[in-house]
Structures are given as structure tokens and as C-alpha cells.
Amino acid sequence: MSQLEQRFIDLWELEFNHIDLHREFMFAKELKRKYRADFASIEGKVIIEIQGGIYGKGGHSSIAGIKRDCEKFFCAAQLGYVCFPLYTDMITIPTLRIIADTITKRLKPTSSYASIMRQVA
């Protein structure tokens with residue numbers, strides 16, 4: 001686990017530990033891909049990717065790495081996931097609050113859905 005991932009975990013557990021995240025979540029099997037997300041809310045269909053090594057010769061800064069990330073995010077969107085790629089300066093409580101709010105909103109049934117469900121019951 002990278003230092004950035006640990007920093008993300010520390011901040012998440014400090015403020016948002018009531019929202020479950022899964023580490024190394026494998027997705028896109030139905031597209032015959034083997035992608036892993038650093039963190040994911042499976043129920044909320046939100047993926048969080050920590051982009052380490054963007055300033056040097058890391059995997060996310062090369063042309064091949066950027067292409068891989070784009071393909072990964074495209075597949076995630078195709079499957080209905082919202083993806084939050086985060087670089088070093090973005091791992092802050094305000095940014096994590098936006099992610100937590102997005103997960104919470106995606107977990108709540110919409111008012112029209114709730115209304116339909118009441119009518120069916």
C-alpha cells in the first residue's frame with residue numbers, strides 16, 4: 001500500500017467510517033477485463049483511484065499509463081460507476097466529503113423510485 005493510499009484511508013476513517021469502502025475491488029469482468037479499483041463503494045457504484053507517481057516516471061504519467069487509466073475509467077463509466085481519480089493534493093477532507101456525499105446520494109432511492117415502490121406495495 002502506498003503512502004497516499006494510507007493517507008486516504010486515515011482521512012476516510014477519521015470522517016467517513018460509516019461508509020464502507022472495499023480495497024482492490026475487481027470490476028469489468030463482464031467486459032472481459034480485469035481492472036482493480038484502489039477503493040470502491042460497490043453498492044454506490046463509486047470508484048476511487050489514487051494517482052501516485054504523476055510527477056515523475058510513475059505508471060500514471062507515461063503515455064501508456066494515461067491510456068490504461070482512460071480505458072479503465074471508460075469501462076467503469078460504461079458499467080455505471082462514478083470514478084474519482086485523486087492525485088496527492090486532492091486527498092483532503094473537503095474532497096473526501098464530495099466523494100462521501102456522492103456515495104450517499106447514489107445509495108438513497110430517488111423520490112420517484114420511492115413513490116413507485118409505495119404504489120406497488
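## Phe27 and Tyr81

Phe27 is buried, and Tyr81 is buried too. This is a predicted model. The two rings form one of the seven aromatic pairs in the structure. Their centres lie 5.9 Å apart and their planes meet at 50°, so the pair counts as tilted. The pair joins distant parts of the chain. Phe27 belongs to strand E1, while Tyr81 sits in the loop between helix H2 (63-78) and strand E4 (82-86). The sequence separation is 54 residues.

The charged end of Lys45 sits over the Tyr81 ring, 4.7 Å from the ring centre. Tyr81 therefore takes part in a tilted pair with Phe27 and also carries the Lys45 charge over its ring.

## The aromatic cluster

Which residues form one aromatic cluster? Phe8, Trp12, Phe16 and Phe39 do. The structure holds seven aromatic pairs in total.

## Salt bridges around Arg23

The structure holds four salt bridges. One of them joins the side chains of Arg23 and Glu5, at 3.8 Å from N to O. Arg23 lies in strand E1 and Glu5 in helix H1 (residues 3-15), so this bridge ties together parts that are 18 residues apart in sequence. Glu24 also meets Arg23 in a salt bridge, with an N to O distance of 3.8 Å.

Arg23 is partly exposed, at a relative accessible area of 32%. Glu24 is partly exposed as well, at 35%.

## The Arg33 to Glu71 bridge

Another salt bridge joins the side chains of Arg33 and Glu71. Its N to O distance is 3.8 Å. Arg33 lies in the loop between E1 and strand E2 (35-41), and Glu71 lies in helix H2, so the bridge ties together parts that are 38 residues apart in sequence.

Both ends are partly exposed: Arg33 has a relative accessible area of 33%, and Glu71 has 39%.

## Met26 in strand E1

Met26 is found in strand E1, which spans residues 22-27. Its relative accessible area is 30%, so Met26 is partly exposed. Which residues does Met26 touch, leaving aside those up to four places away in sequence? The contacts are Lys34, Tyr35 and Arg36.

The C-alpha atoms of Met26 and Asp38 are separated by 9.2 Å. These two residues are 12 apart along the chain.

## Cysteines

How many disulfides does the structure hold? The count is zero. Cys70 is partly exposed, with a relative accessible area of 48%. Cys83 is partly exposed too, with a relative accessible area of 22%. Both values fall between the cut-offs, because buried requires under 20% and exposed requires over 50%.

Definitions and conventions
Residues are numbered from 1 along each chain as its sequence is written. This is a predicted model: local features need pLDDT of at least 70, side-chain atom pairs count only at pLDDT 80 or more; totals for chains, interfaces and linings use all residues. Side-chain values use heavy atoms; hydrogens and water are left out. A disulfide is a pair of cysteine sulfur atoms within 2.5 Å. Buried means under 20% relative accessible area, exposed over 50%, partly exposed in between (1.4 Å probe, protein chains only). Helices (H or I, at least four residues) and strands (E, at least two) are DSSP runs, numbered from the N terminus. Contact means heavy atoms within 4.5 Å. Rings of Phe, Tyr and Trp (its six-membered ring) pair if their centres lie within 6.5 Å; planes under 30 degrees apart count as stacked, over 60 as edge-to-face and the rest as tilted. A charge sits over a ring if NZ of Lys or CZ of Arg is within 6 Å of the ring centre and within 35 degrees of the ring normal.
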